[in-house]
Amino acid sequence: MRTQEEILERIESRKEDDMLGFEVYEYINALDFDHAKPYLVPGVTAEQWKVETKEDTLKRAKEYMPFAIGKAEDQRGISANRSIMHYIAWLWLLEEDSLLQKVEYEYETNYHSYGMPILEMIQEHFGWRA
């Protein structure tokens, strides 16, 4: 997993292009309470905060895949796009840099079919195909 400093830098570098926070929100989950506190709603305590581990992130990404595929298949434009933004964040956190580079390239230059080719690339990489 990335360091706390790397995550903070990533948040700052990505938040301008992520006006609705779909990608940036995922990075906050990997911060410890002290680093996450400026991004949390008032009243959240250290006891309530759970830092997401690499295993947690990978599990969440895998469990989210059927939902993401459903959004692509149903041609749900904003939701399908949002799914890809989640995966960009998760791949970055997981330090899957080679795959991330391919995903970002496809997302930025060849996004079509509601992101289905990108989701298929991710499934194949992790062996998640049913």
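Which residues form a negative surface patch? Select Glu5, Glu6, Glu9 and Glu95, which make up that patch. A patch takes residues with over 30% relative accessible area and no salt bridge; like charges are joined within 9 Å, and nonpolar side chains (Val, Leu, Ile, Met, Phe, Trp, Tyr) within 5 Å. Asp and Glu count as negative, Lys and Arg as positive, with His and the chain ends not counted. Each charge is placed at NZ of Lys, CZ of Arg, CG of Asp or CD of Glu.

This is a predicted model: local features need pLDDT of at least 70, side-chain atom pairs count only at pLDDT 80 or more, and totals for chains, interfaces and linings use all residues. Residues are numbered from 1 along each chain as its sequence is written, and side-chain values use heavy atoms, with hydrogens and water left out.

**Stop one: the loops**

Stay on Glu95. It sits in the loop between α5 (77-93) and α6 (97-109). Helices are DSSP runs (H or I, at least four residues), numbered from the N terminus. Glu95 is partly exposed because its relative accessibility is 37%. The cut-offs: buried is under 20% relative accessible area, exposed over 50%, partly exposed in between (Shrake-Rupley, 1.4 Å probe, protein chains only).

Now select Asn29, in the loop between α2 (24-28) and α3 (33-36). At 12% relative accessibility, Asn29 is buried. Beyond its neighbours within four places in sequence, Asn29 is in contact (heavy atoms within 4.5 Å) with Trp49, Lys50, Val51, Glu52 and Arg60.

**Stop two: helix α3**

Pick Asp34, in helix α3. Asp34 is exposed, at 66% relative accessible area.

**Stop three: salt bridges**

How many salt bridges are there? The count is ten, where a salt bridge is a side-chain nitrogen of Lys or Arg within 4 Å of a carboxyl oxygen of Asp or Glu.

Select Glu12 and Lys15. Their closest N and O atoms are 3.0 Å apart. Glu12 is partly exposed at 42%, and Lys15 is partly exposed at 41%.

Move to Arg14. Glu23 bridges to Arg14 at 2.9 Å between the closest N and O atoms. Glu23 is buried, at 5% relative accessible area. Glu104 also forms a salt bridge with Arg14, at 3.4 Å. Glu104 lies in helix α6 and Arg14 in helix α1 (residues 4-14), so this pair ties together parts 90 residues apart in sequence. Both Glu104 and Arg14 are buried.

Key
Helix = DSSP H or I, 4+ residues; strand = E, 2+ residues; numbered from the N terminus.
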